[in-house]
Amino acid sequence: MRRRRTTKREITPDVKYNSELVARLINTLMRMGKKSVAQKIVYGAFDYIKEKKKDVDTLEVFVQAVENVKPKVEVKSRRVGGANYQVPIEVAPDRQVALAIRWITTYSQAKKGKTMMEALASELLDAYDNTGASVKKKEDTHKMAQANKAFAHYRW
């Protein structure tokens, strides 16, 4: 290895739920350092979820939604002998969470005609029910890895 490994920065848990996962969602959602705006969106979405799913804890819904979106494998481009191969690799646990949260926020932002709170809440509820765009993205990623399993020996 050419460089030393970077040290992971500690993420302080969020104020309301005291959860690092919620803090990561807020940080991913945040634009231009406006954390309070991101917090309002996330907490608003959680309140919206609380109205929809009265029988289940909101934090439980969020954790299960992230769990349903986490990819186990992904493909990485490797150049071997002048040709590019899509090589399937296993995803590290930290990256699984990062990708899941990124996909949820990206597909929430893509929903038009809704406020960001409503869009985030609906995407989280969809992910909780194993439907929606972010879960489809995970399944597509897994399909790509499955299709390129023949190139797994190029992994290093």
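**Overall layout**

The model is predicted. The chain holds six helices and two strands. Along the sequence, the pattern reads α-α-α-β-β-α-α-α. Along the principal axes, the C-alpha atoms fill a box of roughly 55 × 35 × 25 Å.

**Helix packing**

| Helix pair | Angle | Axes | Crossing |
|---|---|---|---|
| H1 and H3 | about 70° | 11 Å apart | left-handed |
| H2 and H5 | roughly 55° | within 8 Å | right-handed |
| H4 and H6 | roughly 130° | within 8 Å | right-handed |

Take H1 and H3 to begin with. H1 covers residues 20–29, and H3 covers residues 58–69. They pack at an angle of about 70°. An angle of 65 to 115 degrees counts as roughly perpendicular, and H1 and H3 are therefore roughly perpendicular to each other. On the H1 side, the contact uses Leu 21, Val 22 and Leu 25. They meet Leu 59, Phe 62, Val 63 and Val 66 in H3. By class, this contact of H1 with H3 has seven nonpolar residues, with no polar and no charged ones.

Next come H2, residues 35–52, and H5, residues 116–128. Their axes cross at roughly 55°, so H2 and H5 are oblique to each other. The crossing of H2 and H5 is right-handed. H2 brings Lys 40, Ile 41, Val 42, Gly 44, Ala 45, Phe 46, Tyr 48, Ile 49 and Lys 52 to the contact. H5 answers with Met 116, Met 117, Glu 118, Leu 120, Ala 121, Leu 124 and Leu 125. By class, the contact of H2 with H5 has twelve nonpolar, one polar and three charged residues.

The last pair is H4 with H6, where H6 covers residues 133–147. The axes cross at roughly 130°, so H4 and H6 are oblique to each other. H4 passes H6 in a right-handed crossing. From H4, the contact takes Trp 103, Ile 104 and Tyr 107. From H6 it takes Ala 133, Ser 134, Lys 137, Lys 138 and Thr 141.

**Pockets**

Rolling a probe the size of a water molecule over the atoms shows where empty space is left.

The largest pocket has a volume of about 380 Å³. Its lining is Arg 5, Thr 6, Lys 8, Ile 11, Arg 24, Asn 27, Thr 28, Asp 94, Arg 95, Ala 98, Ile 101 and Arg 102. H1 and H4 (93–110) are the elements that give two or more residues to this lining. H4 gives the most, with five residues. By class, the lining of the largest pocket has three nonpolar, three polar and six charged residues.

The second largest pocket holds about 310 Å³ of space. Thr 7, Lys 8, Arg 9, Glu 10, Ile 11, Glu 20, Arg 24, Asn 27 and Asp 94 line the second largest pocket. H1 gives the most to the lining of the second largest pocket, with three residues. The residues of this lining divide into one nonpolar, two polar and six charged.

Definitions and conventions:
Residues are numbered from 1 along each chain as its sequence is written. This is a predicted model: local features need pLDDT of at least 70, side-chain atom pairs count only at pLDDT 80 or more; totals for chains, interfaces and linings use all residues. Side-chain values use heavy atoms; hydrogens and water are left out. Axes are lines fitted to C-alpha atoms, for helices over the stretch in contact, and angles run from 0 to 180 degrees between N-to-C directions. Helices (H or I, at least four residues) and strands (E, at least two) are DSSP runs, numbered from the N terminus. Angles under 35 degrees count as roughly parallel, over 145 as roughly antiparallel, 65 to 115 as roughly perpendicular and the rest as oblique. A crossing is left-handed if the near helix is turned anticlockwise from the far one by less than a right angle, and right-handed if clockwise. Contact means heavy atoms within 4.5 Å. Ala, Val, Leu, Ile, Met, Phe, Trp, Tyr, Cys and Pro count as nonpolar, Asp, Glu, Lys and Arg as charged, and the others, Gly among them, as polar. On a 1 Å grid over the protein atoms alone, a cavity is a set of points where a 1.4 Å probe fits but cannot get out, and a pocket is an open set with protein on both sides within 12 Å along at least five of seven lines; lining residues have an atom within 4 Å of a point. Grid points are joined across faces, edges and corners, and a volume is the space filled by probe spheres set on the points.
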